[in-house]
Amino acid sequence: MAGSTVAAPSATHNKPRLSFWQIWNMSFGFLGIQCGFALQNANMSRIFETMGANPDDLAFLWLAAPITGLLVQPVIGYVSDRTWSPRWGRRRPFFLIGAVLASLSLLVMPNVSALWMAAGMLWIMDSSMNISMEPFRALVGDLLPSEQRTAGFAFQTFLIGIGAIIGSSLPWVMTHWFNVSNAPVPGHIAPSLKYAFYIGGGIFLLAVLWTVFNTKEYPPENLAEFEEEKRRTAGFANGFRESFMGIFNMPRTMQQLALVQFFTWFGLYAMWIYTTPAVTSHIYHTTDTSSKLYNEGADWVGICFSVYSGVSAIFALLLPVVARATSRRFTHMICLLAGGAGLISIFFIQNPTLLILSMVGVGIGWASILSMPYAMLAGALPANRMGYYMGVFNFFIVIPQSIAGLVLGPLTKHLFHGETVYTLALGGASLLIAGLLSLRVDDADDVRAVGAEPVTLPATAYEAPVELDPRT
């Protein structure tokens with residue numbers, strides 16, 4: 001529980017193996033974080049259009065998300081690396097602060113009444129979510145030995161999938177299970193969407209609190225050296241340099257993954273921005289945001305997003321086995337190709353139900369996106385800079401999103417003549433390129449051993465823990 005500490009392992013390669021429930025507890029907060037992100041990803045374009053935005057403006061309005069990540073994640077990674085409290089540890093203070101701020105933002109967002117308010121709240125909400133999210137990636141590197149890291153990131157992906165299912169489907173559930181209206185009053189958010197954001201805010205906070213109060217962190221191996229390093233590198237100028245200049249001093253594996261990430265997240269950004277307008281216009285044949293048909297289509301997009309999240313949660317459990325049988329980079333390639341094909345297939349669909357098949361492919365890709373790059377990267381990073389480099393790695397998530405935010409709007413307007421389904425197909429092509437580029441990545445760990453780690457299940461009152469080996 002929080003407030004206690006454990007002795008640090010003598011070396012980074014001698015970290016004790018964690019049990020099933022220890023990995024579960026340290027990852028559980030991601031369920032809440034992704035519930036919040038799922039509500040954002042599935043509904044911000046809907047909110048912007050309800051507030052009067054044109055489809056051509058959506059990519060620009062979404063710029064808040066990548067820019068806040070660019071500013072927040074490297075700083076949080078750098079600061080959390082330099083943080084230690086006997087009571088709260090290293091990463092958990094940031095989990096808690098971000099969760100409180102993000103939950104409050106989720107309560108405020110559905111009450112906006114103007115486009116500028118929605119855009120401003122997206123800045124605040126995304127910043128808060130990033131404060132909580134960034135240290136979770138570093139926590140796996142902090143606590144798990146190298147042979148358990150693929151399983152650790154796969155575990156996170158499983159819980160991310162569960163959280164995303166909940167967040168993506170909440171508006172549909174409020175309408176179809178609890179008869180809450182999904183029709184907005186002009187200039188106001190639909191009641192079903194309001195309640196979905198309220199519930200999502202509560203889930204976000206409770207899930208992160210579970211991790212905060214049920215996870216132990218290791219203190220620095222040498223506390224005196226840790227404090228001396230903090231004093232030696234104190235100061236705003238040094239902090240700024242360390243937080244933002246690491247992009248010029250990256251390990252080779254990180255450089256190779258950067259290009260993969262660029263095309264991956266360019267494609268994902270296109271999906272999050274344009275799926276709702278593409279589905280409502282291309283399949284439901286309406287652009288009237290106040291119509292019942294438009295909101296049915298927008299709700300169905302939420303269900304589709306929950307489907308790909310559910311597929312990713314299930315497939316995440318298979319990733320360590322697939323990666324062990326082949327390699328992590330080959331596994332990542334196959335998954336990205338499936339995601340790209342799924343996104344492109346939307347262009348050929350007219351029956352909304354068939355979108356489920358498209359989302360299966362996207363879900364397979366999403367499972368790998370959330371785990372394989374981080375598993376490959378963690379083995380190439382120094383243990384005392386894990387949070388910092390994970391934050392720097394985020395540059396290659398937010399830079400492509402920022403570029404997409406600048407170019408997708410003009411492309412959609414002038415090249416695709418407002419047909420957003422073509423923009424989705426472009427995103428799918430970007431995922432295909434990312435998949436092929438993943439074969440160039442040097443994996444620092446022994447990729448043939450990935451996935452071979454046994455998972456310790458909890459013991460009953462009468463039985464010893466059982467070791468499950470995925471090779472059996």
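A residue is called buried when its relative accessible area is under 20%, exposed when the area is over 50%, and partly exposed in between, with a 1.4 Å probe and protein chains only. By that scale Ile67, with a relative accessible area of 27%, is partly exposed. The structure is a predicted model, in which local features need pLDDT of at least 70 and side-chain atom pairs count only at pLDDT 80 or more, while totals for chains, interfaces and linings use all residues. Residues are numbered from 1 along each chain as its sequence is written, and side-chain values use heavy atoms, with hydrogens and water left out.

The chain has 472 residues, of which 59% are buried. Contact here means heavy atoms within 4.5 Å. Of the contacts between residues at least 6 apart in sequence, 82% join residues at least 24 apart.

The interior may be taken next. A nonpolar core is a set of buried Ala, Val, Leu, Ile, Met, Phe, Trp, Tyr and Cys residues joined through side-chain atoms within 4.5 Å. The largest such core in this model holds 117 residues, and those with the most contacts inside it are Ile47, Phe48, Met109, Met271, Trp272 and Trp366. Helix H11 (residues 252–282) supplies the largest share of this core, 15 residues. Apart from neighbours within four places in sequence, Ile47 is in contact with Met109, Val112, Ala118, Ile189, Leu193 and Phe197.

How are the helices arranged against one another? Two packed helices are described by the angle between their axes and the distance between the axes. The axes are lines fitted to C-alpha atoms, for helices over the stretch in contact, and the angles run from 0 to 180 degrees between N-to-C directions. Angles under 35 degrees count as roughly parallel, over 145 as roughly antiparallel, 65 to 115 as roughly perpendicular, and the rest as oblique. A crossing is left-handed if the near helix is turned anticlockwise from the far one by less than a right angle, and right-handed if clockwise.

Helix H2 (residues 29–50) packs on helix H8 (residues 191–214) at an angle of about 155°, and their axes are 6 Å apart. H2 and H8 are therefore roughly antiparallel to each other, and their crossing is left-handed. On the H2 side the contact includes Gly29, Gly32, Gly36, Arg46 and Ile47, and these H2 residues are part of a set that meets H8 residues including Leu193, Phe197, Gly200 and Phe204. By class, this contact of H2 with H8 has 12 nonpolar, six polar and one charged residues, where Ala, Val, Leu, Ile, Met, Phe, Trp, Tyr, Cys and Pro count as nonpolar, Asp, Glu, Lys and Arg as charged, and the others, Gly among them, as polar.

H2 also packs against helix H12 (residues 292–316), at an angle of about 160° and with the axes 9 Å apart. That angle makes H2 roughly antiparallel to H12; the crossing of H2 and H12 is right-handed. Here Asn41, Ala42, Arg46 and Glu49 of H2 meet Tyr294, Asn295, Ala298, Asp299, Gly302 and Phe305 of H12. The residues of this contact divide into four nonpolar, three polar and three charged.

H11 packs with helix H15 (residues 355–369) at an angle of about 155°, the axes lying 12 Å apart. The two helices H11 and H15 are therefore roughly antiparallel, and H11 passes H15 in a left-handed crossing. Thr264, Trp265, Leu268, Met271, Trp272 and Val279 in H11 meet Leu355, Val362, Trp366 and Ile369 in H15. This contact comprises nine nonpolar residues, one polar and no charged.

Individual residues complete the account. Leu431 is found in helix H19 (residues 420–437) and, at 6% relative accessibility, counts as buried. Apart from neighbours within four places in sequence, Leu431 is in contact with Phe263, Thr264, Leu336, Gly339, Gly340 and Leu343. Thr420 also lies in H19 and is buried, with 3% relative accessibility. Ile67, in helix H4 (residues 64–81), touches Trp123 and Ser402, not counting residues up to four places away in sequence.

Technical notes
Helices (H or I, at least four residues) and strands (E, at least two) are DSSP runs, numbered from the N terminus.
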